[in-house]
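Here is a short briefing on one protein model. Look over the sequence and the structure first, then read the points by topic.

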Amino acid sequence: MAIKIILLIIFFATMLIIGIYSRNKAKNVNDYVLGGRTVGPWISAFAFGTSYFSSVVFIGYAGQFGWKFGLASTWIGIGNAFIGSLLAWLILGRRTRLMTQQLDAKTMPEYFGKRFDSKSLRVVGSLIAFIFLVPYTAGVYNGLSRLFGMAFSIDYRICVIIMALLTGAYVVIGGYMATALNDFVQGIIMLIGICAVIGAVLAGQGGFLNAIKELSVIETDPSVTTAALADSKGLFASMFGPDPLSLLGVVILTSLGTWGLPQMVQKFYAIKDEKAVKTGTVVSTFFAIIIAGGCYFLGGFGRLFANCEGVIETAADGTVKVAFDNIVPSMLSTLPDILIGVVVVLVFSASMSTLSSLVLTSSSTLTLDLIKPLMKKELKEKTQLRLMQGLVMFFIIISVVIAFNPPTFIAQLMGVSWGALAGAFLAPFMYGLYSKKITKASVWASYIIGVGFTLANMIASKAGNPIIASPINAGAATMIAGLIIVPIVSLITPKPDQAKIDEMFAIYEHRVSVKETENLGE
């Protein structure tokens, strides 16, 4: 216990010191929200990666999808690395930095408002972001409850309060730069921790080859097997698992979804220069391979721990179900204290990095895109800054309240949040960076499809007749629908003012030694 507590104290102290160190780098709105657009490659890459992977991935998703797909769940991590990180940086990184600077946009809703010349798009976009980021924020705490129940004999609520206070302190004090620097430290902890945990867990199962052998003889579970593969053997140790189509849906949602999440895309706004783009692309991809690939690979062995206490639960009516959130903690419960301490810090790191990114994005979006445009008088710079700092604490308080009394669908709500946000924002954001023909009406169509279908599916699910049973597959469907609908609607609706569009896109033609689409200037 002493080892675990000492590691946590060192971790907490480091986070606060970084927050205090960064306070002089958050004197105005641009610095507070984007770090003055001067964030270097390694910090940008780690900020992107640590915001991507939270305790939900390590505890919840790794356990759930590892149980359902076996070792094939590793494809989710590979998809996260090459689609969610590599392609995101290659396709969005440079153009996002250039266009958002040209428009002087600090948030995704502000980008929509200025890119498509619509105050309404900006306001509605901020509401969508706020509504679906708050429950996402609350869900980040969820992965900590089972882990702390295993590692400490303290109330989960105490853990939530400590995490919330610490995150609020360094975000309020240091803004984006404190968040990014802490993300870098937290990212290093995550890299070391996941490698140590995988090695220790496999060693406890007699080594990698023996673990594969044990997994291959587990009988196929009809509840997670597609009909075409019924009665097959060894599926949990196979390349594509028992349900390849459902696996593909998870890969699409968790990988492509990052392209439309405000807290993820905003990392590109703050990139310093061309070197940061190139180096950040490589580092971010490597980080995702290790963290996401490692988490889902580890979760793939979850069925070897089916006999552990708490994994299989029997309800009062006799119904037997799998407690997915207990799978990974059960895998870790037999580790030495020093490794359990490392895991606790690892999950804290993953959770706090995502939480800090979410609350900063929520507060800046609400301040700059909802409150500021609706005010009759111009808000002073200092007032905007103080308002954002106050809203950081407000959002943390809301998330703590929800985390204390989570709805029964909190795990599914994570998929719902990703589906609604990415379904609404991904297509118009990406197309808007590349095409001059994308119209205001097509953005509205994407908003309606992303949010409308998500809510309709939730309501239908509550009634027992979901449109798409899996929230994961439903989220993937909304993103794909947006990518199809936006260009179609743009073809049949009034075109934007060509002169204004040409002025916006002129930034891509500005020459240094080559076009800035190929080389970002200092």
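**A pocket, a patch and some salt bridges**

The second largest pocket has a volume of about 190 Å³. The model is predicted, so local features need pLDDT of at least 70 and side-chain atom pairs count only at pLDDT 80 or more, while totals for chains, interfaces and linings use all residues. Residues are numbered from 1 along each chain as its sequence is written, and side-chain values use heavy atoms, with hydrogens and water left out.

**The pocket**

- A pocket is an open set of points on a 1 Å grid over the protein atoms alone, where a 1.4 Å probe fits, with protein on both sides within 12 Å along at least five of seven lines.
- Its volume is the space filled by probe spheres set on the points.
- Lining residues have an atom within 4 Å of a point.
- The lining of the second largest pocket includes Leu7, Ile10, Phe11, Thr14 and Met15.
- Helices are DSSP runs (H or I, at least four residues), numbered from the N terminus.
- H1 gives the most, with five residues.
- The lining divides into nine nonpolar, three polar and no charged residues. Here Ala, Val, Leu, Ile, Met, Phe, Trp, Tyr, Cys and Pro count as nonpolar, Asp, Glu, Lys and Arg as charged, and the others, Gly among them, as polar.

**The nonpolar patch**

- Trp75, Ile78, Phe82, Met239, Phe240 and Ile289 make a nonpolar surface patch of about 550 Å².
- Patch residues have over 30% relative accessible area and no salt bridge, and nonpolar side chains are joined within 5 Å. Accessible areas come from the Shrake-Rupley method with a 1.4 Å probe.
- Helix H5 (residues 74-103) supplies the largest share of the patch, three residues.
- Met239 sits in the loop between helix H9 (208-216) and helix H10 (244-256).
- Met239 counts as exposed because its relative accessibility is 52%. Exposed means over 50% relative accessible area, buried under 20%, and partly exposed in between.

**Salt bridges**

- The count comes to six salt bridges (a side-chain nitrogen of Lys or Arg within 4 Å of a carboxyl oxygen of Asp or Glu).
- Glu110 and Lys114 meet in one of them, at 3.0 Å, N to O. Both lie in helix H6 (residues 108-115), four residues apart, about one turn of the helix.
- Glu110 is buried at 5% relative accessible area, whereas Lys114 is partly exposed at 30%.
- Asp117 pairs with Lys500, and their closest N and O atoms are 3.2 Å apart. Asp117 lies in the loop between H6 and helix H7 (119-151) and Lys500 in helix H19 (residues 498-505), so this pair ties together parts 383 residues apart in sequence.
- Lys500 is partly exposed, at 41% relative accessibility.
- Arg122 and Asp369 form a salt bridge at 2.8 Å, N to O. This pair links distant parts of the chain, with Arg122 in helix H7 and Asp369 in helix H14, 247 residues apart.
- Arg122 and Asp369 are both buried.
- Salt bridges that share partners join Glu110, Lys114, Arg122 and Asp369 into one network.

Methods
Helices (H or I, at least four residues) and strands (E, at least two) are DSSP runs, numbered from the N terminus. Patches are made of residues with over 30% relative accessible area and no salt bridge: like charges are joined within 9 Å, nonpolar side chains (Val, Leu, Ile, Met, Phe, Trp, Tyr) within 5 Å. Buried means under 20% relative accessible area, exposed over 50%, partly exposed in between (1.4 Å probe, protein chains only).
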